[in-house]
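Q: Please take a close look at one part of this model, the contact surfaces of a single chain. I would like one connected account.

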Protein chains: 4
Amino acid sequence: MKLWEKKYTLHSAIESYTVGDDYVYDQQLVPYDCLGSIAHATMLQKLGIVSEQECLQLHQALHEILTLHEQGEFKIKQEDEDCHTAIENFLIKKVGAVGKKIHTGRSRNDQILTALRLYYKDQIQGSIMTANDLIDTLTKLVNSHGTTALPGYTHMRKAMPSSIGLWAGAFIESMKDNTHLLMHVNTLIDQCPAGTGAGYGVPLPIDRTMIAKLLGFQKPQENSIYVQNSRGKFESSLLHAFTQIMIDLNKMASDLLLFSMPEMGFVSFPAEFCTGSSIMPQKMNLDVLELTRAHYHQMVSWEMQIKTMSANLISGYNRDLQLIKEPVMKGCACTKESIEVMTLLIKNIKIQKDACEKAMTSDLYATDKVYELVKKGVPFRDAYRQIARQYSQGV
Amino acid sequence: MKLWEKKYTLHSAIESYTVGDDYVYDQQLVPYDCLGSIAHATMLQKLGIVSEQECLQLHQALHEILTLHEQGEFKIKQEDEDCHTAIENFLIKKVGAVGKKIHTGRSRNDQILTALRLYYKDQIQGSIMTANDLIDTLTKLVNSHGTTALPGYTHMRKAMPSSIGLWAGAFIESMKDNTHLLMHVNTLIDQCPAGTGAGYGVPLPIDRTMIAKLLGFQKPQENSIYVQNSRGKFESSLLHAFTQIMIDLNKMASDLLLFSMPEMGFVSFPAEFCTGSSIMPQKMNLDVLELTRAHYHQMVSWEMQIKTMSANLISGYNRDLQLIKEPVMKGCACTKESIEVMTLLIKNIKIQKDACEKAMTSDLYATDKVYELVKKGVPFRDAYRQIARQYSQGV
Amino acid sequence: MKLWEKKYTLHSAIESYTVGDDYVYDQQLVPYDCLGSIAHATMLQKLGIVSEQECLQLHQALHEILTLHEQGEFKIKQEDEDCHTAIENFLIKKVGAVGKKIHTGRSRNDQILTALRLYYKDQIQGSIMTANDLIDTLTKLVNSHGTTALPGYTHMRKAMPSSIGLWAGAFIESMKDNTHLLMHVNTLIDQCPAGTGAGYGVPLPIDRTMIAKLLGFQKPQENSIYVQNSRGKFESSLLHAFTQIMIDLNKMASDLLLFSMPEMGFVSFPAEFCTGSSIMPQKMNLDVLELTRAHYHQMVSWEMQIKTMSANLISGYNRDLQLIKEPVMKGCACTKESIEVMTLLIKNIKIQKDACEKAMTSDLYATDKVYELVKKGVPFRDAYRQIARQYSQGV
Amino acid sequence: MKLWEKKYTLHSAIESYTVGDDYVYDQQLVPYDCLGSIAHATMLQKLGIVSEQECLQLHQALHEILTLHEQGEFKIKQEDEDCHTAIENFLIKKVGAVGKKIHTGRSRNDQILTALRLYYKDQIQGSIMTANDLIDTLTKLVNSHGTTALPGYTHMRKAMPSSIGLWAGAFIESMKDNTHLLMHVNTLIDQCPAGTGAGYGVPLPIDRTMIAKLLGFQKPQENSIYVQNSRGKFESSLLHAFTQIMIDLNKMASDLLLFSMPEMGFVSFPAEFCTGSSIMPQKMNLDVLELTRAHYHQMVSWEMQIKTMSANLISGYNRDLQLIKEPVMKGCACTKESIEVMTLLIKNIKIQKDACEKAMTSDLYATDKVYELVKKGVPFRDAYRQIARQYSQGV
């Protein structure tokens, strides 16, 4: 039964179109929605809407859902529309009229935002942890092979001498900046929407600070319309921060795909990281790096989807925003898995020192020759031109 | 067992990351891949690679898969990687050594493209048919309510008199142009990739014209590298054509959401098309139109995903392109369902003639006053300025 | 003086914000808008709105503008807002009251669309011609160096033998498909919007077929609301077609940047195509190819800009659409120039036959070994596995 | 003369294509590049590369450029390629051989990043100041009209009572979060790239901390490859932060366009903010709001352009990144101007209290009726269903 059920039945084609895959994505939100409801019930008891006994009943039933969920046995059905309905229906079935009180003082609009933000905060913490693993792994690479020389490229042409240490260090420093950005986004998201109803408050003296505290939020998000208007905004900031991680992985993948071409041979990977071809028996491909590279583009398009979908809409909730769940949830999963896979690869990378050294050809040192002249007092631009004269053939 | 299985086992994290959801999307491609293999087997018999008897065995086994698929009983597993592997493994299990011959003269690279293009061609036909249904439904609306007056808007302000007929007619004409574009895209896609291997041909005298003909393609796609390079290109053209349909639906939805606001009241819809609120009992929302509006943005981002994902890659297959399946398949389904839902809505729309007429206020006829002066010989710009003088207050 | 000037003056900040760079982009549209007005005047004469003498005066004045424009002396100022205003003001100054009649029976809404579509048609023709030059140049390359062997790559790893001819042929075939798509888009755009006013017609018996014919359009675009609603749609189709050309150039650039790395050395270019570094005297970079690669991404984002900007808007003109001019005009120029530059590069490419041959290593022929076994009767998959056993080390 | 000039002349078509509009955008960077060079010269003196006297000469010449720039008389020409070349050439002309020393210890790669980041920091400060003006203006609106009732909408349908104060407050709170995000992005950008050369350092003991301090950066950006790799990353974070401001303006514009429709009439604006039509004399349009709405989409596409353009590239500078200047500079200007225009509009908004009150219809209070029953002890869901029964007709 739908929460808003009236005297008519929703047309089946409309139900299927409006629910879409939402009930599938909501499956992951069940624990967060239960946590939100547990806090909400506690607050309702304080308001005197439910008695201590009723509150206990609700808590127990919600914990039962949490357990069922962990066992993979709490399933949301399409006709439930979403996790909120599935949970309220379960409560009503389990504890009767008391279950009918759980929705007092809230709307699905603030409820879903509460659940989502708890989920986002978990995702951010998880991503920072995996990013730190990658940083550690890169640091180990610097320690073990940092001094191995490597050609530095600009414009895909040899430029000046670089090293494994300089290369890996770039990603360490970048990944640290990424985690700082993620932490800022966490601060943004760490505002509790609960108690703002459908965007215009609730005619009850909800204790918003209490719910926020119970759920571990830093503070309530004050303005009830802003709560709704920030849907899409916060998600786009989250995905933006994730794209910053993913562009680094995209670049690492681009570097490693080039560096591991047999024509370069600077690095290699064990066989069990390589996939093959259905027709060419010799092929050992690093599909894993190609996919890391490609996932970045998914991320960008998901961020863009959120950004364009939430535009040209008036204030207050609009159903358009439901479709944000898919890109944001996919984006969270994709980022975490991609970092883990890159960490695994870096752990198993083989630096081919001989090939690296062989690649350190004399053209990489042309700038040094300029500076030898500079040290003798030749103005830089004159020194540059003097050396440059040797290099005017085509490429 | 993977088709390219060698002496080592792929790392489980790499397998999971590289296969991703590909095996799920491939489920829909099973029948198309079987059709491709049936044609391929026939061609192999002509080459003498398989005997008449072997060809028959392969055909029977492939038809068995088709039947199993229809019954929902042919399941691709993650370790299969894709439909091609699942099908080849089934064939080997079923008809032994003969099954090991089916991959002669092809690669998964040309095989998947063949299956996908057969799928696209079906999707295009289906979309054109549903688009024609919408055109018919709009035409009926023109016939029944075409003469009902409606304010014409520019800049979200009343401009000049319009009508239900003019409004609906705009979408009829636009939808016809959309189907022409889809038909052109069909011509583009209607090139058979089979027989080009992994992008560099196969050392066998494959009869590409024969396979193309057997599969109902207009012609083989000649250049084998182009076959691979067109992956992503064709898909982006397909999604572009679909976005042209979806922007029309987005605009229809935007119009209808405004026109059905009680403040306007030009149109209304039956209750069974409306969803409600978990907190506000009076709400009758047209979520269905909001979602139609929003789905357009998904489509654009999916098209964009394909377009950016396939860039900055060298010629020949790169695994990045695997990720194209998700946006293109979702885009096909989304477009078709959105057209169907809009057709259903237009079939059930209620034109509120009284509200429409009441909205035909005098400002809509200001331009007519100008033209009365023009007909009396006043130069247009002078006539305009004379009337305009009445309208200089703010808004 | 603005065409819509009333009793008040537009706030200067609002004028600056609303006009934006529109008057700059309109500079290119002056000749097209004059052509539109010449046809319009002829039609007004037929209606009896202007006399034969007046029509002649208008024609002469409009031809004077065309001449001034060619000499770079017809300048649109910010306070003019757009080319239409600049032209009407010029006419009034030149031929007095007759100039005040030129806007009879039209709106800037249909006027700008008429001018833009004439411009688009010219751009399409120009692009097809330059694309054909590129095809010719590639064909010459096939004729001169087609048989030179080249490694064929998949997954950025050597796959099977390819050749300069196969590589160039891929782009020839692709570019032909691109021009077919452009021709279809031309058909779409080749509909005359003139005579539909601001989207709701004009209270005069405009001869739309006459104007369409005078301007060389295939037909009038019937529905007046569709005329306005197709703004953005047609432009997105145009840019989509151009992105198809640009993705090919992006791929050619990606190939050539890799192939010309000294580590590969398959191709090279004369010095005068290479740029240098301010610090490294040895550098000979192919910035031109990097920029070609990058311009593709501009194109995609411009297409996307048009697509998202025109969504979530009700039917009829909305000022949002003015911003479409910038991406569409930039997109036209970028595509044409990029094709020309690529043609120039291919004309001057140097194929390094020795390096190509040296790169034809034995792994490229592993598939041939499989097929030798197949020819001896070994089922393909068994033959594959037999050869594959030699290739299970990592990469 | 180009900085990298060798024994050949760059092909004119290649020069035109590679320079593009870069020299135009660089015009805005002249002062920042001069500041960078002033600090660089001071540091070179410390290293003993230039004498005290030479340093003074360089400083004077650079200040002369600053003055010329302010007077609009320092013009970069296409053949200069960029501001760095124009400035170095000016210095050499002005102070002879000393000018040839200015480029010692740097590359255009770190030089442009230094100039850009100084520019970004200025843009961020400017945007925060204008955002604060908007916050102040909205606060005044809350103070003057905050208690005026307004219907609160969800799904574009009346939901529950809102007010001018609640509406404006949402944007105040949101804009504050936006400025916090901008401040974080400022922290990210506030890292000095100077002294890292072309991405691989310089063979001189550059005092990077000194330059950073002289230029007011918080710290040097350590890793030289990261300096290059962060190009595009930092810009995308900057534009992301700006899109957060712009989505708020987009929503304000969407609200105000609807609220000011005569059919609603909740707010109005003075005539001097309204533009007209060339054909319809009665029209008073709020083009300014439509364009604000549309500019958001430009911003998103510009951010996306930066994000996709900088992907699939190996570490180190690639010329693709030059194209980032256009979207980032346009994005800065667009955001600032849009905030200013919105502030101007809010300063001049007229709240139509009568229309607002008239719109407070009984359906807005249906939820209150539910809560009256709740207060009498009826479980929420029962109370909801009881009231909902009155509302099951269609819409």
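**Contacts of chain A**

A: The side chains of Asp26(A) and Lys325(A) form a salt bridge with an N to O distance of 2.4 Å; the term stands for a side-chain nitrogen of Lys or Arg within 4 Å of a carboxyl oxygen of Asp or Glu. This is a predicted model, in which local features need pLDDT of at least 70 and side-chain atom pairs count only at pLDDT 80 or more, while totals for chains, interfaces and linings use all residues. Residues are numbered from 1 along each chain as its sequence is written, chains are lettered from A and ligands numbered from 1 in the order in which they are written, and side-chain values use heavy atoms, with hydrogens and water left out.

Chain A is assigned domain 1 (12-101), domain 2 (108-358) and domain 3 (362-394), with bounds from an automatic or database domain assignment. Between domain 1 of chain A and domain 2 of chain A, the C-alpha centres are 31 Å apart. Their contact (heavy atoms within 4.5 Å) involves 24 residues of domain 1 of chain A and 22 residues of domain 2 of chain A. About 2100 Å² is buried between these two domains, 65% of it from carbon and sulfur atoms; buried area is the accessible area (1.4 Å probe) that two parts lose on being put together, summed over both.

The count of salt bridges between domain 1 of chain A and domain 2 of chain A is five. On the domain 1 side, the elements giving two or more residues are helix H1 (12-19), helix H2 (22-26), helix H3 (30-47) and helix H5 (83-95) of chain A; helices here are DSSP runs (H or I, at least four residues) and strands likewise (E, at least two), numbered from the N terminus. H3(A) provides the largest share of that side, eleven residues.

Chain A also meets chain D, with 99 residues of chain A in contact with 99 residues of chain D. The two chains bury about 8400 Å² between them, with 58% on carbon and sulfur atoms. Eight salt bridges are counted between chain A and chain D. Lys233(A) and Asp248(D) form a salt bridge, their closest N and O atoms 3.1 Å apart. Elements supplying at least two residues to the side of chain A that touches chain D include strand S1 (149-154), strand S2 (157-163), helix H7 (164-189) and helix H10 (233-259) of chain A. The largest share of this side, 14 residues, is that of H10(A).
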